[in-house]
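I am opening my notebook to record what I looked up, beginning with a ligand and then turning to a contact between chains.

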Amino acid sequence: MSIGLTLLGLLETGPRHGYDLKRAYDEHFGQDRPLHYGQVYSTLSRLLRDGLVEVDGVEVGEGPERKRYAITSAGVTDVHDWLITPERPEPYLHSTLYTKVVLALMSGRSAAEVLDVQRASHLETMRGLTRRKLTGDLADQLICDHALFHLEADLRWLELTAARLDQLAKEVRP
Amino acid sequence: MSAEIDGGPLLEAVDVHKAFGPTPALDGAAIRLWPGEVVAVMGPSGSGKSTLLHCLAGILRPDSGTVYYRGAELSSMSDVARSELRRTDFGFVFQFGQLVPELTCLENVALPLRLGGQRRREAERAATEWLERLEVADVANKRPGETSGGQGQRVAVARALVTGPKVVFADEPTGALDSLNGERVMKLLVNAAKDTGAAVVLVTHEARVAAYSDREVVVRDGRTRQVELAQ
Ligand SMILES: Nc1ncnc2c1ncn2[C@@H]1O[C@H](COP(=O)(O)OP(=O)(O)OP(=O)(O)O)[C@@H](O)[C@H]1O
Ligand SMILES: [Mg+2]
């Protein structure tokens, strides 16, 4: 999952210092893997170089970590494109999908849309597997079925999440 | 039947609203079905999938909005004309087969043809062919209560297709089956529909079942949504 895009998504709710950003990230998405400060600052300097964030204010004399960062309009475009582009199905996709849903809610976008786009993409993959299964031999069928059950599990989780969006929105909206 | 529009959709619902008392079930639903295509109708429980299917099939009359079948307005037809249309042009498969329990499976499949005025012998010959095609010839002389769920559903598919319908309406046809039997029903249903050129409206909340469709329409809170993927 992209740390850069996640930080950008968090910045969309308002400018923050690097330290706040790390704290917000760890609170929402870092249960298993909190960010290192090094990661935060190297990511921020890359985002700065690419014009996706800008320095919004510096508190003088207190070192580089007192810079406040704000998202630029190019950054907002990147976050938006990321959120509405479906993920390629892969194991442990849920952490990326969860992040996208939460950021969509935080920013007042349609989380249902994130889910719908993902469902359409998963179903398209599942149709291909189903066609292959119908014409293939038993080995093909078994391999395709394995993939189909995993994709179905993703989708069932998405449906359940969709059904809980209102509740989730209350918990994540600042 | 009536005013057929060549090249137009087979079945179309436009801005359909339907409420049951204070409960809105459909709130501006729209769908188009083209000849021969299999469309999955997906969405959470209570979102309005079955209500949409019933409106499309002329079983329910929308409060407002229009359903067209081959260019003709379903809702303005008389009840007699609509039930005639259901018998000649539509086939139905529901979650629990809804076969007539007093009749044998063969008689169940022959029934729609008998109701259409066919002689018993011809009707049963056609029914036998369909039972073979659905791989349930062995239960022909059993009553539905003496078959397994999977066999019963395949008999129900045979009954839905025996009249050569233009549209098959299937509401959770595999809902009561395990994966293996569900897959078998879907494979036979979709293959038979493709062979005969019937379009299918397939209501399901299972993605593996929906994967047998050509495309999906999602119903949420009584509204339909179709996602177009880029590329
Ligand atoms: N005959 C009826 N009388 C009263 N309310 C009804 C009737 N049929 C449906 N409803 C209501 O209309 C709404 C939509 O129901 P519908 O059966 O179309 O949903 P569904 O998507 O098919 O759900 P499920 O997946 O559970 O079958 C629900 O709120 C339901 O309670
Ligand atoms: Mg239903």
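How many Å separate an oxygen atom of ligand 1 from an N or O atom in the side chain of B:Lys49? I noted 2.7 Å for this pair, which I count as a polar contact (a pair of N or O atoms within 3.5 Å; within protein, one must be able to donate a hydrogen and the other to accept it, and residues adjacent in sequence count only if both atoms are side-chain atoms).

I reminded myself that this is a predicted model, in which local features need pLDDT of at least 70 and side-chain atom pairs pLDDT 80 or more, while totals for chains, interfaces and linings use all residues. Residues are numbered from 1 along each chain as its sequence is written, chains are lettered from A and ligands numbered from 1 in the order in which they are written, and side-chain values use heavy atoms, without hydrogens and water.

Turning to the chains, I found that the contact (heavy atoms within 4.5 Å) takes 19 residues from chain B and 20 residues from chain A. I counted five salt bridges between chain B and chain A, each a side-chain nitrogen of Lys or Arg within 4 Å of a carboxyl oxygen of Asp or Glu. One of them joins B:Arg225 to A:Asp116, with the closest N and O atoms 2.5 Å apart.
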